[in-house]
Amino acid sequence: IPPVRGDIFDRNMRPLALHSQKTSLFVTGEGVADDELADKAAHILGSDRCRIRDILIRKRPFSWVARKIDEDKAQKIREIDVHHRFKTRDEPVREYPLGKTFAAHLLGFTGIDNDGMEGLELLYNNVLAGGEAGMRYLFGNYRYEFPPKQQGYNLILNLDAELEWTLKQQIDYGWA
């Protein structure tokens, strides 16, 4: 069970990096060809029909089809998938509200598995990432997680996003 990654804010609590969720598609090892489903799914995902068909006929226990797609694409896949070949899973994704280029050298970025790869995302990965829960157990209306997932901590920087943006504009225009 993936934990909720902590957010990163500037000194005025403007969000610089936020935790969000996107849907990923996978198949389990049934290994049955369905050319019509492969054609429709490839069109929706903007992928190659042969690649989708190859994934559908594999007899592996688990194969990714597409990771971290928009919800509208996931909904269209659900509508065309009458035999429920595609399974879905929500995965964490990192969003940068001020753009991926704002303080990119400082903030860094996360990889496909939501681990810090550069900058503060990497330096404070153990603080931001939190801890995963090992197992989810449902009993009636009660849900138990063993051990319970631990949400990552937020990081508040001494950076002022508005001041940084103004300085960047001045430098870009050559007025500094």
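Hi everyone, let me start with a lining: in the second largest pocket, 5 of the lining residues are nonpolar, 3 are polar and 2 are charged. Before going on, please keep in mind that this is a predicted model.

That second largest pocket has a volume of about 180 Å³. Around it you will find Arg94, Tyr96, Gly99, Lys100 and Phe102, together with Ala104, Leu107, Gly108, Phe109 and Thr110. Two elements each give two or more residues to this lining: α4, residues 104-107, and β5, residues 109-110.

Now to the largest pocket, which holds about 270 Å³ of space. It is lined by 15 residues, and those closest to its centre are Pro2, Pro92, Asp113, Asn114 and Glu132. Here the elements giving two or more residues are strands β3 (63-69) and β4 (87-95). Which element gives the most to this lining? That is β4, with 3 residues. By class, the largest pocket is lined by 8 charged, 6 nonpolar and 1 polar residues.

Last, the helix pair. Packed helices in general are described by the angle between their axes and the distance between those axes. Helix α1 covers residues 35-45 and helix α2 covers 49-57; their axes come within 8 Å and cross at roughly 130 degrees. The two helices are therefore oblique to each other, and the crossing of α1 past α2 is right-handed. On the α1 side, the contact involves Asp35, Leu37, Ala38, Asp39, Ala41, Ala42 and Leu45, which meet Arg49, Ile52, Arg53 and Leu56 of α2. Sorted by class, that contact has 7 nonpolar and 4 charged residues, with no polar ones.

Thanks, everyone!

Definitions and conventions: Residues numbered from 1 in each chain as written. Predicted model: local features only at pLDDT ≥ 70, side-chain atom pairs only at ≥ 80, totals over all residues. Heavy atoms only, no water. 1 Å grid on protein atoms, 1.4 Å probe; cavity = no way out; pocket = protein on both sides within 12 Å on 5 of 7 lines; lining within 4 Å. Points joined across faces, edges and corners; volume = space filled by probe spheres on them. Helix = DSSP H or I, 4+ residues; strand = E, 2+ residues; numbered from the N terminus. Nonpolar A, V, L, I, M, F, W, Y, C, P; charged D, E, K, R; others polar. Axes fitted to C-alpha atoms, helices over the stretch in contact; angles between N-to-C directions. Parallel < 35°, antiparallel > 145°, perpendicular 65-115°, else oblique. Left-handed = near helix turned anticlockwise from the far one by under 90°. Contact = heavy atoms within 4.5 Å.
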